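The exercises below ask you to read a protein model step by step. Try each task yourself before you turn to its solution.

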Amino acid sequence: MGIAIREPRERARTGVQGAARARTNRRPQRAARARTNSRLAHVEPRHCAGHCASHWAVRTCPEPPHLMWGSTTVHQIAENGHLKEVITEKHCVQASTPLSHVQLACCWQYCAFPHDKRDVCVWNIHNPILQTLELKGHHQSITALAFGNHYEPTLLCSAAEDYVIIWDVEACQMRIQQGFVPRGTVVGTLLGKVLYLCFSPDDQTLATCADNKIYVLNCKQEDILAVLEGHLGAVTAAEFCPRQSNILISISEDRTFKVWDLTSNALLYQSAVLSGYPLLSLCMDNRANQFITGSANGQLDVFTLLDGQQCRRVLHIDLQKEQQKYCCKIQQKARSSENPDVESINSLGNCKNLHYSSPYLNENDLESGPRAYIELPILRMAHCEYLLSSLLKKDSSFTPGSSSSLWVGTISGLFNINLATGEIDATVQFEDHLRLSIQTAGSYAIGSRSTNKIFCLLSSMFGKHIALLEVHMHELARMCLQHRNEEESLSVIARTPLLPNSPLNCDLKQKEKSKPVGHSKTASGIKDKPVVFHTKVKSSGYTSAPRVNMFTPKVNPPKRVSSVMKEKTSCLKGITKEYPLDSLAPSTLHARVVVSNQPTPVCCIQYSGDGKLLAVGLADKSMLVYNSSLTGSPAVFKGHDGAVNCVGWTQNNKWLLTASEDRSLWIWPVHGSTPALMLGTETFSKPARSAQFYYMDKFLLFSSGSEFQLHRYHLDTSRDDIKSYKKKSKSRLVGKFKMAGTQEISCLSAVNDFYSYIVLTAGTNRALEVFDLNVGRSVVTVPDAHTRPVHHICQNNGSVFSTQPSEFYNLFLTTAVTDGIKLWDLRTLRSVRRYEGHQNRCQPCGIALSPCGRFLATGSEDKCAYLFELGSSNFIHKLSGHTETVINLAFSSSAPKLTTATLDGKLQLFIP
């Protein structure tokens, strides 16, 4: 038969050397793995003609760049109990020829691979030993196999240089039971070396990739419907769009992809060169109108297919870096479990000493010399319509509506990637499981429609083995969640009463003035009496009003009130009592205002709580207050000696806060131009990057250097007639809280609209740290939240005009230059979605979240603002018309309005 069948044998797990001795009959795999583990192997592509699998070569390097594996792997350290249950080898055979260059096939019930070069072997994945089907018909070596998309009938296509044949699997089984020879339908002849096959969603047409051409064939008869040409290299994969069956996407060794319209046989879109390495794999997202490309150097790109014959990249994933982060999380969990003094990354203890920069090896491994570093070419991808975390009910993290995952097959193992965040949720490394016959894969086929398990058919890179693997999803999900919070999670909304010694229990008590001892009571007990003992002195006139009004100086002359300070209810129309939760996104330009005669950057903007006023901080040391329609002349507040970095409103909209580069913080009455409270250089060591009112206006919260301060304050604008220079407003320091391991706090955020103990900080060390001011200390640290320092944190504050579920207030956004936007869930401190598509390479562009919690707005350096739906990584509107970089944005709290601010000092108001 040309095929040797054997069962996977039980082996004692006594280490790598013991397992190698037990596999004496597998010298090709043992030698390959020895070269991979003992010497530093680096797999990189070679630019040559032929199939993508022939692009890989192995070279040795003197030092491990980033990812190293020792004799004890990360998974064995983290959770030894689940290794035997995550993946099992159901069946393994040895073919007559290596199959690392062949496209294998696997679906929900069957898997297929060539054996004896020219014959097709079909297994039932549930019982591959007893139910084996052999199909003969080719005269040359089979190079590609693919199953159809429908259950009945189950179609299988096999391709060689002589024929392209379509088989009905159930019909072939029935013919064998009846004693006849199974027959297929020849749909193509002498098309060349076929590298990839793909059925259309309705199984009526077949895309055949041969050399640099794509043949579209009829599945019923031998008929070439179209020949698509245009790629400069061999076409490595092609897929039909699930939502539009007439759209075909192809990738090639020329490092580009193309979008074809099969109705007119025309090219709709051609991408630029995506990478310096060939594109090897392609996968369609069945839920969203997206597709994913994978290259030979482990780079994944997620694109959205637009209706206007355009494609937009929404996510870029570097598999090497994501694997590094994932392994560090697991090793931190392992170390914290071994050392009880070090708490896990999501516990409620002080975890500021945990960092992702920890090495991958223990000290013994580091001393043993260089280890294996394997680059991760993307061999095969398969879309999964659910997240691993959704399989376990104990995972309480927020999951966006369209979240799904992606299975990625590489030469070293399988990866499950969250398509919303681009992060690895779980990984299965073949070297962690010594019972597997194949340790280095050459070709993949992944297929299953069950939530309990997936099946993977793979061939050996260096040998002739074919193995069918079964991955148990629930066990893998438990391993996926092993580094997450197992204790009580954090919450933005205060759920417990204040502690007696909490800093938030502080009250501003006025100190009683102590009188001198001699004046309290005389030695003889006689009270102090005035010099004049009479009740009145008639000649003085002290008790009667003057007959003539003398000159009275105007101490506080009434100032002219601008149009913005007039009756608030008459200046605006259309402000509803309740925020329209079903309104469209504000994308129509309504008004444009120039804030200054000279180009002046707008440093910050913020709406008041009632949505009727807009505060604008400028780089020319002033603050302007507009009405929400941007009409009329604004109120001007001047006095700072530096750019105004921050503005903030109290809940009653009567007070304004400004923080400046001159190391000062002032609080202004809205109807006045003189600050009521001034904090200066004696309080600030460095300029405040963030400042706001906190805890329902009870405190002032601001950052300075590597710490943030909490101040209790009292505001009083009344003055004594005699001591008019003396202000009655005052503040008192409650506490200073230092962010560890950073030179400066880059941004800070806390909720003021309701009682919350949580303060979020981000530092120049790229870390994100959470403080609980009820206990008065840091509780969680997330190192390397972004690849660059976070310059803006935006929380879901909601609004008094709208209502959201309580768990939605645990969501917050962070953004960093060149690293996009991340949506986080405070309960697990995991990134649940990532947003890209805007340009942010140099300037710190701001972000804003709508009061309804549905829309996200971000600035961009391409003179546009972008609007996203919170549950989708693809932006829905691109707001153009700006003349410079959009660096700040603000949503109105009472109406669906968005105001953008640019680097040249212009405001634009957008409405639905």
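**Exercise 1.** Does N653 count as buried or exposed?

*Solution.* The structure is a predicted model, in which local features need pLDDT of at least 70 and side-chain atom pairs count only at pLDDT 80 or more, while totals for chains, interfaces and linings use all residues. Residues are numbered from 1 along each chain as its sequence is written, and side-chain values use heavy atoms, with hydrogens and water left out.

Begin with the scale: buried means under 20% relative accessible area, exposed means over 50%, and partly exposed lies in between, for a 1.4 Å probe and protein chains only. N653 has 8% relative accessibility, and therefore it counts as buried. Finally, look at the backbone, where the phi of N653 is near 60°, a positive value in a residue other than glycine. Most residues other than glycine have a negative phi, and most peptide bonds are trans.

**Exercise 2.** Which residues does A785 touch, leaving out those up to four places away in sequence?

*Solution.* First find A785 in the loop between β48 (777-782) and β49 (790-795). A785 has a relative accessible area of 1%, so it is buried. Then list its contacts, where contact means heavy atoms within 4.5 Å: A785 touches R766, L768, K822 and W824. One of these partners, R766, lies in the loop between β46 (758-763) and β47 (768-772). R766 has a positive phi of about 70° although it is not a glycine, and with a relative accessible area of 32% it is partly exposed.

**Exercise 3.** Which two residues are joined by a cis peptide bond with omega of about -5°?

*Solution.* The bond to find is the one between E152 and P153.

**Exercise 4.** What is the order of the strands in the open sheet of 4 strands?

*Solution.* Strands of a sheet pair through backbone hydrogen bonds, either parallel or antiparallel. Here two strands are said to pair if DSSP finds at least two bridges between them. Reading across the open sheet gives the order β32-β59-β58-β57, with antiparallel pairing. The edges are β32 (588-594) and β57 (886-891), and because each has a single partner strand, one side of each is left without a neighbour in the sheet. For β32, the antiparallel pairing with β59 (residues 906-911) runs over 6 bridges, and V594 has K906 in β59 as its bridge partner.

**Exercise 5.** How many residues lie between β33 and β34 in their hairpin?

*Solution.* Start with the pairing: β33 (residues 602-607) and β34 (residues 613-618) are antiparallel over 5 bridges, and V602 stands opposite L618 in β34. The hairpin that they form has 5 residues between the strands, and G611 in the turn has a positive phi of about 75°.

**Exercise 6.** How many salt bridges does a search of the whole structure find?

*Solution.* Side chains of opposite charge can pair when their charged atoms come close. The criterion used here is a side-chain nitrogen of Lys or Arg within 4 Å of a carboxyl oxygen of Asp or Glu, and the search finds 13 such salt bridges.

Consider K213 and E229 among them, whose closest N and O atoms are 3.9 Å apart. K213 lies in strand β15 (residues 213-218) and E229 in strand β16 (residues 224-229), so this pair ties together parts that are 16 residues apart in sequence.

Now take R830 and D425, whose side chains meet in a salt bridge at 3.8 Å, N to O. This pair links distant parts of the chain, since R830 is in strand β52 (residues 830-835) and D425 in strand β28 (residues 424-429), 405 residues apart. R830 is buried, with a relative accessible area of 12%, and D425 counts as buried at 4%.

Definitions and conventions: Helix = DSSP H or I, 4+ residues; strand = E, 2+ residues; numbered from the N terminus.
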